[in-house]
Amino acid sequence: MEKLDAGGRVHEICDRDERIAVIAYEYAKQPEGTLVVSPDNQSRMAINEAIHYAMQDTNRIPYLEYRMKVLVARQEITGADRQWAAQYEPGNVVRFAKGSKTIGIAPGEYARVESVDEKQNQVTVERENGQRLSYDPRRLQGVTLYRKAERAFSEGDRIQFTAPNRNQHVANRELGTIEKIDESGNLRIRPDSGRAIAFNIRENPHLDHGYAVTSHSSQGQTADRVLIHVDTEHGGEKLVNRRLAYVAVSRGRYDAQIYTNDKSALAEGLGREASHRSALESTRAAEPRVAQKSEPTSSPTLKRERTIERDLSPGR
C-alpha cells in the first residue's frame, strides 16, 4: 500500500459519484488490457454502467443500445433457504437444473414464481407453456433463484457470462465482447477464449456488463492494468482486508491503481487479516445479487434517446 501510494497509484476521492466517474473515464482512455475490480456488488453495478456510458461518450462504442432483460442470481439465498416457500418472491425466475419427474419439470427448465403459500410451504410457478404447477420446495434439489433485471448493451460492450452454459461451451464468469446485437435480442459474442457465440438473449439471459468484476470473480483473471475501487465505508472487514489487497492488485501485470474514499482507512483495512468465516461471507456478499433499490440509474441524454427498448424477458 505504501509503495503504491508513494508511486502516485492511490487516489483519494471522497465523493462516491465523482470517484466512480473518474474510474469510468480512466478506463475509457485505455480500455484494452484494463480490468476494474470492486469488492462490493453495488459499486460493481454502478461502475459498469458508468463505464458503458463513458465508452459511448468517448466514441469507443456506439450510442445505439438495446435494453434487455437478464437474470441475476439471488446469491443471498442459501441451499437451506431454497427449501422454504417464504424465501421465494412472486416474479422470481426458478431454474430447475436437475428437473423433477414427479412434478413433470425437465432438467434445465425455467419457470416464473406466481405465488407462495408460507403456511403450506407451497410454491406455484408458471412454466413457459403457461401451465401452472405447485410444489413443496423441500422435494427438489438443484434449484437456482433469479431476479429479472435490465441492462443496456451496445456493440463493443464488454460482458460477463454469469452462469455456465454447456451447449455454448461457456464457463461461469467468462468475459467477452459483443460483436453484433439487434432489437430482437440476437447477439454475437466473442469470449476472450477466441471463438464466437451466436444466440438470442432468451436462450441465455445470464449476461451482465464485464468492465468491472467483484474481487471474488476476478480470481483467475489477469490484465495489463487493473483499476481497484475500495469504499471503506461500505466494505467492512468482510470485504476490505489483506486478501482483497492481494487478489485485486495481483490481477494487473504491469499497473495497479487504487481509488478510495479514505487513504488512512484503506491502509488499515488492507492490513487486516481475513478470517476463514469472513472470507466465506465476503464471497456471498460480493457475488452479484440484485436488490431493487441498488440498481444504478443514469441521467438520460439526447444521444441516448435512440435506445431501442424491447421486453426480451425469459421465463415468461
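These entries record what I looked up in a predicted model of one protein chain.

**Conventions.** I took the model as predicted, with local features needing pLDDT of at least 70, side-chain atom pairs counting only at pLDDT 80 or more, and totals for chains, interfaces and linings using all residues. I numbered residues from 1 along each chain as its sequence is written, and side-chain values use heavy atoms, with hydrogens and water left out.

**Overall fold.** I found 8 helices and 17 strands in the protein chain (DSSP runs, H or I of at least four residues for helices, E of at least two for strands, numbered from the N terminus). Of its 316 residues, 50% count as buried (under 20% relative accessible area; exposed is over 50%, partly exposed in between; 1.4 Å probe, protein chains only). I also looked up contacts (heavy atoms within 4.5 Å): among those with a separation of 6 or more, 71% join residues 24 or more positions apart.

**Salt bridges.** I counted 24 salt bridges, each a side-chain nitrogen of Lys or Arg within 4 Å of a carboxyl oxygen of Asp or Glu.

I examined Glu150 and Arg67, whose closest N and O atoms are 2.8 Å apart. Glu150 is partly exposed at 30%, whereas Arg67 is buried at 18%.

I then examined Glu179 and Arg190, with closest N and O atoms 2.6 Å apart. Glu179 lies in strand S10 (residues 175-181) and Arg190 in strand S11 (residues 186-191). Glu179 is partly exposed at 24% relative accessibility, and Arg190 is partly exposed at 35%.

I noted lastly that salt bridges with shared partners join Glu65, Arg67, Lys69 and Glu150 into one network.
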